[in-house]
Amino acid sequence: EDAIPDSSKWIRLSELAVQVQNQFPEAQIKGIQDTRDPARPYRFHLFQPGDWHPGGSLDLFYNPLDGQLVATAHTDDLGPVGWYRRYFYIFHTGHPFGCGWRLGWAFASLSGALLVLTGCWISVRRWRKRAQKEESCD
């Protein structure tokens with residue numbers, strides 16, 4: 001059984017963040033996922049110019065023991081799941097579009113919700129009328 005390396009000998013996240021920023025100067029670090037297991041890498045989420053998702057589309061994985069880049073993943077390369085992750089937020093919030101477009105999207109969403117609520121209200125009123133008619137016939 002292998003002994004778990006002392007975590008004080010691991011590369012610090014702050015040092016690794018500086019390294020990532022130097023390697024990708026045009027990108028912004030939008031998220032960092034720490035680890036307590038040396039077999040699981042640190043994960044950095046980067047936002048690059050041209051990304052539509054505000055959380056970024058590029059993930060970098062670093063070994064916590066030596067600070068070496070283990071793998072990269074870009075949501076464009078992940079097939080349908082990556083597409084869904086990337087565009088769901090955009091379609092849901094209208095993030096890259098202007099204020100007018102966002103307001104129009106919000107009103108369209110509220111209109112859909114209002115249709116559901118009015119449909120429920122009309123159904124309840126019909127059920128009450130039907131129940132009253134049945135009671136009056138008895």
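**The salt bridge and its surroundings**

A: Asp59 is buried, at 6% relative accessible area. Buried means under 20%, exposed over 50%, and partly exposed in between, with a 1.4 Å probe and protein chains only. The model is predicted: local features need pLDDT of at least 70, side-chain atom pairs count only at pLDDT 80 or more, and totals for chains, interfaces and linings use all residues. Residues are numbered from 1 along each chain as its sequence is written, and side-chain values use heavy atoms, leaving out hydrogens and water.

The side chain of Asp59 meets that of Arg43 in a salt bridge, 2.7 Å from N to O. The term means a side-chain nitrogen of Lys or Arg within 4 Å of a carboxyl oxygen of Asp or Glu. The pair links distant parts of the chain, 16 residues apart: Arg43 lies in strand β2 (residues 42-47) and Asp59 in strand β3 (residues 58-62). Strands are DSSP runs of E, at least two residues; helices are runs of H or I, at least four; both are numbered from the N terminus. Arg43 has a relative accessible area of 26%, so it counts as partly exposed. The structure holds 1 salt bridge.

Now the other charged residue described here. Glu15 sits in helix α1 (residues 13-23). Its relative accessible area is 45%, so Glu15 is partly exposed. Glu15 and Gly67 are 52 residues apart in sequence, yet 9.0 Å apart in space, C-alpha to C-alpha.

Last, a tryptophan. Trp101 belongs to helix α3 (residues 99-137). Trp101 is partly exposed, at 37% relative accessibility.
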